[in-house]
Amino acid sequence: MKKIILLLILALSAFFSQAQTATLKAGDAAPDFKLKNVDGKDVSFASYAKAKGFIVVFTCNTCPYAVAYEQRIIDLDNKFRPQGYPVIAINPNDPEAQPDDTFVKMQDLAKQKKYPFPYLFDGGQKVTDQFGAKRTPHIFIVSKSSQGNVVEYVGAIDNDPEGTKTEKIKYAEDVIASLKNNQKPTITQTKEIGCTVKRKAKA
């Protein structure tokens, strides 16, 4: 009985620990980071000296929603990287909780899909917690300013997670269009749709 109670306490502790990790919102400072890319090199915001901002996407190998958005994320980078807004993809899943999200399998996927953007491994989920990423995919659009890197938008890439709508509301593209025109986005937050971030069980 005591063992069952202890397990329940540990499970609740893990739940509330995750629940209390606040998600960044528009206007917040975007924390910089240094994470290992699938090519073995470290990547941070500072790696892009000429960037005007960033499309930070927390995504993974395994979630069906993340898989459905793979090509759309590639398209975002191909379209906006030349305009100063590169994609930086970060895998938030712990590989002990999701074995198909190991660094080696991330390398395999990036090679198979020919990712034109970095795909970073967040060991220990420190950056995931700093941003408050909850699902895959979960997007944070960041702009450079005189005050540093600032979050402009948080949420979904578009309103079509199934990829079946003929007319989409392209949240990410609309936000960047506003930023390019030196305007604040009219929509700064939407509901992220995807699989929950996978965390290993607490010891």
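The legends below describe close-up views of a predicted model.

**View 1**

**View 1. Strand 3 and strand 7 run antiparallel.**
Strand 3 covers residues 53-58 and strand 7 covers residues 138-145. Six bridges join the two strands. In this pairing, Gly-53 stands opposite Ser-143 in strand 7.

**View 2. Ring pairs link a cluster of aromatic residues.**
The cluster consists of Phe-33, Phe-45, Tyr-48, Phe-54, Phe-58, Phe-131 and Phe-140. In the whole structure, a search finds eleven aromatic pairs. For Tyr-48 and Phe-54, the ring centres are 5.9 Å apart and the planes lie at 75 degrees. This pair is edge-to-face because its angle of 75 degrees is over the cut-off of 60. Phe-54 has a relative accessibility of 0%, so this residue counts as buried.

**View 3. Two charged side chains sit over aromatic rings, those of Lys-36 and Arg-72.**
The charged end of Lys-36 is placed over the ring of Phe-103, 4.4 Å from the ring centre. The charged end of Arg-72 is placed over the ring of Tyr-69, with 3.8 Å to the ring centre.

**View 4. Glu-96 is an exposed residue in a loop.**
The loop that holds Glu-96 runs between strand 4 (87-91) and helix 3 (103-113). Glu-96 counts as exposed because its relative accessibility is 60%, and the cut-off for exposed is over 50%. Glu-96 and Lys-200 are 104 residues apart in sequence, yet their C-alpha atoms are 5.8 Å apart in space.

**View 5. Glu-192 is a buried residue in a loop.**
This loop lies between helix 5 (171-180) and strand 9 (195-196). Glu-192 has a relative accessible area of 13%, which is under the 20% cut-off, so the residue is buried. Leaving aside neighbours within four places in sequence, Glu-192 is in contact with Lys-134, Arg-135, Pro-137, His-138, Gly-155 and Ala-156.

Conventions: Residues are numbered from 1 along each chain as its sequence is written. This is a predicted model: local features need pLDDT of at least 70, side-chain atom pairs count only at pLDDT 80 or more; totals for chains, interfaces and linings use all residues. Side-chain values use heavy atoms; hydrogens and water are left out. Helices (H or I, at least four residues) and strands (E, at least two) are DSSP runs, numbered from the N terminus. Buried means under 20% relative accessible area, exposed over 50%, partly exposed in between (1.4 Å probe, protein chains only). Contact means heavy atoms within 4.5 Å. Rings of Phe, Tyr and Trp (its six-membered ring) pair if their centres lie within 6.5 Å; planes under 30 degrees apart count as stacked, over 60 as edge-to-face and the rest as tilted. A charge sits over a ring if NZ of Lys or CZ of Arg is within 6 Å of the ring centre and within 35 degrees of the ring normal. Two strands pair if DSSP finds at least two bridges between them.
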